[in-house]
Amino acid sequence: MFEHRLKILLLLLVFAAGGLVVRAFSIQVVSGGRWAGESARAMRDQALTEAPRGRILDVKGREIAVDRPCIDVRVDYRAIAFEPDAAWLRGVSRARLKRRDELYTARPRAERARLLADEAENVKRDIDAMWVTLAKVAKRSEADMRQQRTAIVERVTTIKNIVRARKQKEADARAAVPVAWYSRLLGGNREDVVAEVELGEERASHVIVPDVAATDYADYVELARRVDEMPGLELRPSLRRTYPFGPVAAQVLGRMGAVDSEDIRNDPGAADRLRKYADSDTRGKAGVEAMLEGTLRGRRGAATLGAGGETVEKIDMQPGRDARVTIDMALQKSIEDAFDHVLFSPSKEVPVAEMKMNGAAVVIDVATGEVRAMVSAPGYDPNTLDRDWNALATDNVNDPLLNRATLVAREPGSTVKLIVGLGAMTDRLIGPDSRIECDGYLHVNGKPLRDTARCWTMSQFDYGRHSQGASPHPTGLLNFPEAIERSCNVFFESLGDKFGIEGQRAWFERFGLGRPTGVGLPEARGRLPALDTPAAVRRSVAWFASIGQGQMAATPIQLANVAATIARDGVWARPTLVAAEGGQAPERRGLGLDPVAVRLAQEGMSNVVNGLAGTGTFAHLPDLEVAGKTGSAQSSPLKLIVRDPTGKPLLDARGRRIYQPVTLGTTRNINPLVPWYRAIGRGEDHLPAHAWTIGFAPRHNPKIAFAVLVEYGGSGGQSAGSVAKKLLQACQREGYLPGGAN
């Protein structure tokens, strides 16, 4: 009986030993290559070298964005998480005990455990104290620092979930592939569910305070002195994006920002382990920095270390490539400065004053389509954006982060009269010698519309027809160039009535209104008259559209390109902000304009600036013949978003944002919050108008085209014209136009 039991036991042992042998064979032979590779990788470490971002240069080769060395304050993720990792906490605590007590490892086990538990509590308290100190160094509130920690944890968690899902999908795919019988016997078909994933981001440090020495060197020294007291803290050499010209062209250059989960999910370089985004990386978030991210971003270097610390493999770092934009920073700065000294007067009875006003300006090289200046006022300093972000992002009054040159669409006013007249002549609605009488009102079916369509020019000067007043026309019967010079509403409203909505809209679209220009930055589309406008108001909508009012809106870059198209005798070209590689010319197309119509439009534009009856004489220069067109479009009342103390917009019961009307100022009672928001008219009882001036120079053989928008500037000829004049003088100084003090 005993021998029988012994035989059974021996048989079980044989089967168990056989199983172990089979499993060992599976690991060492069948999967030997896999596990050898895993073992080799586990014995190695990698030292990564960050790659500097490529420089951004202006058209004359000036550095306008460049990386420079700095020191970042970084914190280990395990000290960022609100509950420190237990294993990491024990390791930090044990290391601290060993540094303080040489006999620690020789003490009894129970005593070591007690000391380790006490030290772990000390480490937690030191972590809490560290975050208080870092808030002071960063000049931020403790709540802000807590929010930053939360954002990092959420980002890492998101990445972890993505990786876990991908690995599980790969495991499921492998499990579905049939395998040989011997592989199944040896366990080769077994695919464990991916239960846990450990990311490098969970063991890495993350930037908390960038470029600490730049803000206050004393803070850096203090942190360096106390680094051993702050668990997880690291002061690491890094690179920081800097902008040598400060606030000049800030909205064009854009900004850098920390990568988020969407960036990582859509990373075009994800397949390259040295180029893909890491959790602590930054990337271009707006402007040229975002547009040229693929060009400017470099590739990290890596040194693979063996178990003994020796370098077994090295990959050199590849810096990002430089990029050259078409902007001239000297020209850009001069035009930005012009918005600090805009000429403004609400009526003829009030003296002209200089005011700092908001707006935008664009300068385009006529021959190439390259953008020489793209101004948005006011601006901000991208070098201090991290510090100033909250104040800038919640500034409802000035909205300095917004690129007004491409993203603000306003009613274009009389600037679109050029398109209406050119289209009407090309479509043979009028001829070169056609004349339309203006007695101050649009006539429909033989009757004047005294309450609906009055000539703006006549209303400003208190006389009934263009044959009267300070610059009388001989007959009051205006042709196309004369109507442009005097900006006669009646002339173009009459054409709008002939065109209808469909005809006008087709020409606006042909000139590029109602769609992005394709310059490369985010753009507003603008607005055109709707084709489904109710029949009862179709005629009036067409009248107002012909003078740039009502269902019309355009951006400064769109109107600058309209001026450039007329300067090229009717050739539209896509404006560019970055020179095309290989010298390839931008997209171009002829609009099929009547050459006579183009010549007459150019004549009228010259008279706008240089003629006795012109509305744009503020842009006149004695040594340069400028062609232009002014525009004024009455604005809607200004309202500001209401925010809570944290800067978050407040919503009403239906989930809509709440707005608060702004008090309209007058000459005697200026609103200090918005000194530029002032009523116009003799009694200062009208809403202000947005002011435009567009044009090109010289009239013959044009070199540059431009558009200027002054928000709430009133008269386009005065406020926008004063900026346009300084713009043209700056173009002369920088060599883009003849004349001036070159």
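Author: Keep in mind that this is a predicted model. Begin with a pair of helices: the axes of helix 17 (residues 417-426) and helix 23 (residues 595-610) come within 9 Å and cross at roughly 150°.

Reader: Are helix 17 and helix 23 roughly parallel or roughly antiparallel to each other?
Author: Angles over 145 degrees count as roughly antiparallel, and helix 17 and helix 23 are therefore roughly antiparallel. Their crossing is right-handed.

Reader: Which residues make the contact?
Author: Helix 17 contributes Leu418, Leu422 and Met425, while helix 23 contributes Val596, Ala597, Val598, Leu600, Ala601 and Met605. Sorted by class, the contact has nine nonpolar residues, no polar and no charged.

Reader: At what angle do helix 14 and helix 24 pack?
Author: Helix 14 (residues 329-338) packs on helix 24 (residues 716-733) at about 160°, and the axes are 9 Å apart. That angle makes helix 14 roughly antiparallel to helix 24. Here, too, the crossing is right-handed. Leu331, Ser334, Ile335 and Ala338 of helix 14 meet Val723, Lys726, Leu727, Ala730, Cys731 and Arg733 of helix 24. This contact has seven nonpolar residues, one polar and two charged.

Reader: Which residues line the largest cavity?
Author: Its lining is made of Phe511, Gly512, Thr517, Gln558, Asn561 and Trp572. Two of the lining residues are nonpolar, four are polar and none is charged.

How values were computed:
Residues are numbered from 1 along each chain as its sequence is written. This is a predicted model: local features need pLDDT of at least 70, side-chain atom pairs count only at pLDDT 80 or more; totals for chains, interfaces and linings use all residues. Side-chain values use heavy atoms; hydrogens and water are left out. On a 1 Å grid over the protein atoms alone, a cavity is a set of points where a 1.4 Å probe fits but cannot get out, and a pocket is an open set with protein on both sides within 12 Å along at least five of seven lines; lining residues have an atom within 4 Å of a point. Ala, Val, Leu, Ile, Met, Phe, Trp, Tyr, Cys and Pro count as nonpolar, Asp, Glu, Lys and Arg as charged, and the others, Gly among them, as polar. Axes are lines fitted to C-alpha atoms, for helices over the stretch in contact, and angles run from 0 to 180 degrees between N-to-C directions. Helices (H or I, at least four residues) and strands (E, at least two) are DSSP runs, numbered from the N terminus. Angles under 35 degrees count as roughly parallel, over 145 as roughly antiparallel, 65 to 115 as roughly perpendicular and the rest as oblique. A crossing is left-handed if the near helix is turned anticlockwise from the far one by less than a right angle, and right-handed if clockwise. Contact means heavy atoms within 4.5 Å.
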